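The sequence and structure come first.

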Amino acid sequence: MFYKNKVKEIEEKASPINILTYRKLVWMKFKSHKLALIGSIILVALIIFCFFGPLFTTKSYEDMDFSAIFSPPSISSGHLLGTDELGHDVLIRIMYGGRISLIVGFLSALLTTVIGTIVGLLSGFYGGIVDRFLMRFVDIMLSIPMFPILLILTMVFGSGLMNIVMVLTVFGWMSISRLVRGLTLSLKESEYVISAKAVGVKNMEIILKHIFPNVLPIVIVSATLNVSYAILSESSLSYLGLGIQPPMPSWGNMLQKSMNYILGTVSGTTPWWLTFFPGLFIFLAVLNVNFLGDGLRDALDPKFTSNS
Amino acid sequence: MKQYFLKRFLELIPVFFLISFIIFMLINLMPGDPLLQMRMDNPRAVMNDPQRIQALREYYHLDDPLIVRYFIWLKSALTGDFGYSSMYKVPVWDLIANRLPNTLILTIGAWILGLIIALPIGIYSAVKKYSFFDYSTTVMAFIGISLPSFWFALVSIILFSVTLKWLPVSGMETYGITGSWNIFWDRLKHLILPVCVLGLVQVASWVRYIRTSLLEVLDQDYVRTAYAKGVPDKKVIFKHALKNAMIPIVTIIALDIPYFFGGALIIESIFSWPGMGRLMYQAVIGSDYNLAISCLMFLTVITLISNLAADLIYVLIDPRIRVGKKA
């Protein structure tokens, strides 16, 4: 993005004397994208914080501290990010809630990517009636108002973790499939695919060995963007009370509960920390996934273009 | 050209019916019983008489197969009868007609606000590519894209309404206010927060689109020619480049119209804004089948129309596209 000079430098280094493999090149470009590097470090820190953080405390997300209800964030009371109306420690709940949000994000991004890639590859490669049928279906799916349908589906199927992942997957694979289809269409006409066909390589093998590796960079980039989309959708659903159900905390349902006290508690003060911190973590997770995606886009693009 | 429009329009019709079928099926999968609300509102013995319930079930075709019920619904919907809302006890169409203006005020306000902010920022950061300004807008755009709108809304309520007490917390009007100027001012104050939240959330991605689109055009030969001829910078950007850069931007902005209605769902719920989004949310939560189906179908129609509009605008304003003739 803002490292044109750096790219030039890398290109010079990639002279015949100093051979760089694609993988090395990608890593060098990724390293020079500062936002992406910082983003991935923060993301790893977030994952460690959510999955290993609870191991360092004896308290669980259900433990209540009745002596400290609505206590504001402070170091002396032992509740770094304060407590809620039942004396739950906000920090610990954020860790457990983060597990849910991150699992939903990564799992549904993985599933949507797999489905979208398969549909896109088949549609683009085989063309004809397969293509027309699949792409029509994609058009229809894209015209359905997504968010209200997510609401209805979580009501129909219930709101467990796996159900949310399933609902987000069923309504999330279309854009990737369009992208992959477009790329496959142009790759299909490339010389190496035509020659592979000419020597009698089987269709499946052409798709897997010759086309798939070339769509992979774009697929990886869209997959990261899908992670952020899924995290946002899960938290929105939980916020509306249809996602992960209490007592299990999730970033979204912590925000929903905080809504009850937005005008102040019995004592008259607004416990802003109940609203601020869970949302901050959603924001941090999504932001850094997006940074990572941008860095990957710049690094994985084999054409050295970086004008976005 | 006319033929192309007609063809595109006719293509929408089967899509519309398919989506209406999917939505009808999904809504009828929702847990709950359409008669439950009716019985709860009317707890007299008459309503709980099994014979009467059975008669009502038959009257509403509740025991018919779903596919038969779909066609019954379709027939009455096509004649303009969308049924009664079980929650509000009024015809669904009246409810929608009542709520739609409120949503339009909110979304059009947010749309205009978003454009007013996004256009100059996007243009300026494309013109000053790789400058400090460009760099900071890119970071800001990332922040904007990643901001959960409902959190943004909640934090601004806490800040501006609860702590600073500048703006009302929620709703659309304060009761008991007289005088047309006071009413206008009161409405405006209620509008500020939801419009800002809805509009600002959209600014980030628009800025990115405007910047990318303008950069692409600025790279082209005819722009370089204009510069070489000695045309002033401002004229090149606004007269030569922006005209072509606007083509994809207009389509993107048209495609975002349904997002505003969908995104309004959460924002309207947070601010208790009596619009379509909140109505839809209440209908789904309260298992108000007729209302939910109608709201969803309404949103679908808006989505389909804005997709079509985006395509048509593209064809109309881009002279490079010739429809009907083979290239």
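| Confidence in chain A | Helix | Mean pLDDT |
|---|---|---|
| lowest | α1 (residues 4–13) of chain A | 68 |
| highest | α4 (residues 90–126) of chain A | 91 |

Residues 304–308 of chain A have a pLDDT below 50, and this stretch has 6 contacts in the model beyond near neighbours in sequence. Chain A averages 83, with 90% of its residues at 70 or above.

Residues are numbered from 1 along each chain as its sequence is written, and chains are lettered from A in the order in which they are written. As the model is predicted, local features need pLDDT of at least 70 and side-chain atom pairs count only at pLDDT 80 or more, while totals for chains, interfaces and linings use all residues.

A:S143 is part of helix α5 (residues 128–143) of chain A. Because A:S143 has 19 C-beta neighbours inside 10 Å, A:S143 counts as partly exposed; buried needs 20 or more other C-beta atoms within 10 Å and exposed 12 or fewer, with C-beta atoms placed from the backbone. Leaving out residues up to four places away in sequence, A:S143 touches B:V15, B:I19, B:T300, B:T303, B:L304 and B:N307, a contact being C-beta atoms within 7 Å.

The contact between the chains takes 38 residues from chain A and 40 residues from chain B.

Helix α6 (residues 146–157) of chain A reaches 16 Å from first to last C-alpha. Of its 12 residues, 9 are buried, including A:F147 and A:L151. A:G158, with a positive phi near 85°, follows α6(A).

Terms used
pLDDT is the predictor's confidence in each residue, from 0 to 100. Helices (H or I, at least four residues) and strands (E, at least two) are DSSP runs, numbered from the N terminus. Two residues are in contact if their C-beta atoms, placed from the backbone, lie within 7 Å. The expected span of a helix is 1.5 Å times one less than its number of residues.
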